[in-house]
Amino acid sequence: MFDLFFQYEFLRNAFLAGIIIGFLAPVLGVFIVVRRMALVTDALSHITLTGIAFHLLLSQSAVFLQAINPLYMGMAFSVGGSILMEKLRHVYKHYQEIAVPIIMSSGIGLGVVFISLADGFNNDLFNYLFGSVLAVTPTDLTAITAVLVVVVILLVLFYKELLFLAFDEEQAKVSGIPNKWLNFLFIVMTALVIASSMRIVGILLVSALVTLPVAAAIQLSKSFKQMFIYSIIIGEISVISGLVSAFYLNVAPGGMIVLIALGILLLVIGGRKAGGMGVRKLRGRKTLEWRKA
Amino acid sequence: MLELSFIERGIVAALLVGAIAPMVGVFLAVRRSTIISESLSHVTLTGISAGVLMGQVWTVTDISPMYTGFLFALLGSLLIEKLRQIYDRFQELAAPIILSAGVGLSAVIMSASGSGYTEWYEYLFGSIVSVRMEDLWFIIATAGLVILILALFFKEFVSVSFDQEFAKVSGIPLKKVNFLFSLLIALVISMSMKVVGILLVGALIALPVAAALNVAKSFKKLLLLSVLFGEAAVLAGVYFSYQFNIATGGMIVVLSAVLLLAVLAGKRLKSMRKRERFA
């Protein structure tokens with residue numbers, strides 16, 4: 001079953017990229033979910049599409065851009081979008097949560113305009129939206145590997161600070177952690193991971209790979225470290241099995257990966273429900289007694 | 001009404017959508033759950049792709065995919081409520097879970113079904129020139145239904161949106177009102193789909209309201225201004241997209257974003273002047 005993946009270069013590229021992404025996305029996802037930023041990744045992924053569409057449009061007139069990977073433009077846009085989102089949060093002090101939909105929807109709207117200007121409503125767009133097994137080029141793989149190295153180094157260097165910031169921003173601020181700078185760093189890391197996951201899972205599904213494994217891991221794990229381990233395991237299982245099955249079934253890999261991650265999540269929730277029945281019965285009795293008293 | 005050219009059909013549909021979507025958006029913004037429309041629209045995509053696939057498999061059934069889309073949106077909204085209970089400490093996880101589940105499933109269905117990409121792009125990004133007469137009837141009927149529900153339960157919706165606790169205490173059946181509201185969102189999303197496309201419905205719900213929030217001083221004015229902004233963006237969007245041959249949904253959204261930026265800039269200018277006066 002796997003031998004085809006080692007035989008052909010494009011499949012090997014996709015496989016390696018998938019393993020890297022299956023590791024990176026859930027690791028950052030843990031921080032993202034704990035910081036309650038799950039929706040931010042959605043907005044950033046949509047902005048990435050805008051960047052890619054912009055690159056496609058520009059490269060029609062500026063030939064030198066054709067040599068450059070559109071991924072970089074996507075990364076630049078997604079970093080820009082994240083800065084803009086922070087700005088919008090300050091503008092809408094009372095409606096902070098509206099910043100995400102604003103960025104998300106204007107991002108995709110602008111992207112659509114760029115795409116139709118570039119006459120790009122074709123198969124390529126479909127690959128960007130939902131991922132493709134065939135789309136990972138050797139330069140993509142180098143870019144993704146570079147992102148892996150950068151993100152892992154940053155995570156190792158700033159692990160404690162990021163952890164502190166994730167759990168208690170106020171206290172982290174008070175204890176002198178440069179929270180603004182770290183927040184920026186974190187957002188840049190997220191933007192990088194989103195842009196590099198895009199080839200395989202597609203823009204519309206990147207956020208799924210960031211949130212779903214973590215959502216399942218939350219239910220299982222008892223500590224922060226366990227959450228990392230479970231998230232990575234679930235992420236890798238979904239990416240690898242999703243890629244292989246998508247190749248053999250000839251469907252979009254992003255969809256398959258997400259469905260498998262979703263299946264794991266449902267299993268976990270179902271398992272916990274079945275296991276938690278007894279506990280809840282006890283708890284229910286307790287509250288009843290308490291009410292009577 | 002009976003003999004409309006394709007461009008007239010498109011404009012009537014756009015006008016209706018431009019009014020209804022921001023109207024519901026106002027309630028969502030005040031409830032701080034604008035993002036729900038985003039997840040539900042993605043679930044609608046699943047419904048539509050399922051509908052298209054069903055039409056391919058059983059050629060006998062000739063249901064418009066819009067209906068299956070509506071059904072899925074409604075189910076999705078109920079599921080979100082359920083997930084919120086499961087993740088009581090991470091409630092904001094519910095929306096992304098539903099969102100990604102919806103897109104994932106539709107991606108698989110889309111690539112499994114044999115139809116070409118252009119058909120899907122119509123659903124994803126809207127195509128105003130392809131509004132058929134029966135689509136227009138669907139849009140008119142849902143618009144009427146939405147306005148009827150809003151008019152009948154206006155007070156309940158306002159009080160639930162602003163203060164759920166208070167509304168509960170004052171005897172409003174919270175569950176029923178919330179369900180009705182989910183129904184409303186599902187209706188709006190499925191009616192807007194033909195005009196702006198699934199990926200852009202959320203924009204039409206969020207952006208005009210975001211602009212109006214900066215200007216309006218009362219809830220009524222907020223409602224009025226949002227509808228006004230929505231209509232302006234839709235009309236200008238249809239015009240420009242026709243002139244420059246650009247996807248309509250994208251143009252509408254970009255214009256609403258421009259409108260929002262203009263309002264923000266105007267507000268900043270005003271406050272700067274005020275500061276000068278005081279200084």
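The second largest cavity in this predicted model is lined by B:Glu122, B:Tyr123, B:Ser127, B:Ser130, B:Met193 and B:Lys194. A cavity is here a set of points, on a 1 Å grid over the protein atoms alone, where a 1.4 Å probe fits but cannot get out, and lining residues have an atom within 4 Å of a point. The volume of this second largest cavity is about 30 Å³, where a volume is the space filled by probe spheres set on the points, and grid points are joined across faces, edges and corners. At least two residues of the lining come from each of α5 (117–125) and α9 (174–196) of chain B; helices are DSSP runs (H or I, at least four residues), numbered from the N terminus. By class, the lining comprises two nonpolar, two polar and two charged residues (Ala, Val, Leu, Ile, Met, Phe, Trp, Tyr, Cys and Pro count as nonpolar, Asp, Glu, Lys and Arg as charged, and the others, Gly among them, as polar). Two cavities of 30 Å³ or more are counted by this rule.

The largest pocket (an open set of grid points with protein on both sides within 12 Å along at least five of seven lines) has a volume of about 1,200 Å³. Its lining consists of 41 residues, of which A:Met37, A:Val40, A:Glu86, A:Arg89 and A:Gln96 lie nearest the centre of the pocket. Helix α4(A) gives the most to this lining, with eight residues. The lining of the largest pocket divides into 18 nonpolar, eight polar and 15 charged residues.

The contact between the chains (heavy atoms within 4.5 Å) takes 53 residues from chain A and 51 residues from chain B. Between chain A and chain B, an area of about 4,600 Å² is buried, with carbon and sulfur atoms giving 78% of that area; buried area is the accessible area (1.4 Å probe) that two parts lose on being put together, summed over both. In chain A, the residues that lose the most area to chain B are A:Arg36, A:Tyr95 and A:Phe126, together 13% of what that side buries. The elements giving two or more residues to this side include α2 (9–34), α3 (38–61) and α12 (253–292) of chain A, while the largest share, 13 residues, comes from α5(A). By class, the side of chain A that touches chain B has 38 nonpolar, 12 polar and three charged residues.

Over all chains, the structure holds two salt bridges. A:Asp140 and A:Arg199 meet through their side chains in a salt bridge (2.9 Å, N to O). A:Asp140 belongs to helix α7 (residues 138–167) and A:Arg199 to helix α9 (residues 179–201) of chain A, so the pair ties together parts that are 59 residues apart in sequence.

Residues are numbered from 1 along each chain as its sequence is written, and chains are lettered from A and ligands numbered from 1 in the order in which they are written. Local features need pLDDT of at least 70, side-chain atom pairs count only at pLDDT 80 or more, and totals for chains, interfaces and linings use all residues, while side-chain values use heavy atoms, with hydrogens and water left out.

Definitions and conventions:
Salt bridge = Lys/Arg side-chain N within 4 Å of Asp/Glu carboxyl O.
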